[in-house]
Amino acid sequence: MTLNHIKLRTQITYGNLTMIQENFWLDEFLMAEGTVILHPSIPVSLEMTRYELNVTEGEDVYIVVTGSTRSKATNDELGRRHGWQGFGGTVSKESKHLVEHGACAVDFYAKYKASKKRVPQKTVAKIARKYFDYVNDKYADGHVHGDNRNHV
Ligand SMILES: [Zn+2]
């Protein structure tokens, strides 16, 4: 058995259509330490973003989660590696990925199912802005950061 390999069942409403979506697994949100702390709004925002991307792109896309909740040790390590915000880097000391700041953030990108090509970062961010409180798409590696900072 793989611990935390549990399919998440998430109810979303798109237009007047309410449905259960099952495109994410709990272990996609593992912290570096192997535990999971997941804000309940994150799967909803991700499923909504994915669903609307399917509609607007006219083909199936899937979302790849590259990081969610972080311990302070992990955030410090990322800060050392990528630099701190305010000092030319991209990592915030008050990151919304941290438990003490709500554990309400997720980093991700999207791919087209058929071609496996990446959906452009700006395309993903434009849709994600409708379903997250805050989105940042200024990362050189192409990922999008979304967080629900108004829901902590
Ligand atoms: Zn982030």
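This is a predicted model: local features need pLDDT of at least 70, side-chain atom pairs count only at pLDDT 80 or more; totals for chains, interfaces and linings use all residues.
1. β5 and β6 (residues 144-147) are joined by three bridges, and the two strands run antiparallel.

2. Stepping back to the whole sheet, you will find four strands in an open arrangement, ordered β3-β4-β6-β5 with antiparallel pairing. The edge positions belong to β3 and β5 (134-136); each has a single partner strand, so one side of each is left without a neighbour in the sheet. From one strand to the next, the twist averages 30°.

3. Now for the helices. α1 packs on the sheet, where it touches β3, β4 (105-112) and β6. The direction of α1 makes about 145° with that of β3. Helix α3 (residues 121-131) also packs on the sheet, with β4, β5 and β6 as the strands it touches. Here the direction of α3 makes about 10° with that of β6.

4. One loop residue also deserves a look: glutamate 59, in the loop between α1 (41-57) and β3 (61-67). Is glutamate 59 buried or exposed? Glutamate 59 has 12 other C-beta atoms within 10 Å, and a residue with 12 or fewer counts as exposed, so glutamate 59 is exposed.

5. Which residues does glutamate 59 touch, not counting those up to four places away in sequence? They are Tyr112 and Ala114. As for lysine 113, glutamate 59 is 54 residues apart from it in sequence, while their C-alpha atoms are 7.9 Å apart in space.

Methods. Residues are numbered from 1 along each chain as its sequence is written. A residue is buried if 20 or more other C-beta atoms lie within 10 Å of its own, exposed if 12 or fewer, and partly exposed in between; C-beta atoms are placed from the backbone. Two residues are in contact if their C-beta atoms, placed from the backbone, lie within 7 Å. Two strands pair if DSSP finds at least two bridges between them. Axes are lines fitted to C-alpha atoms, for helices over the stretch in contact, and angles run from 0 to 180 degrees between N-to-C directions.
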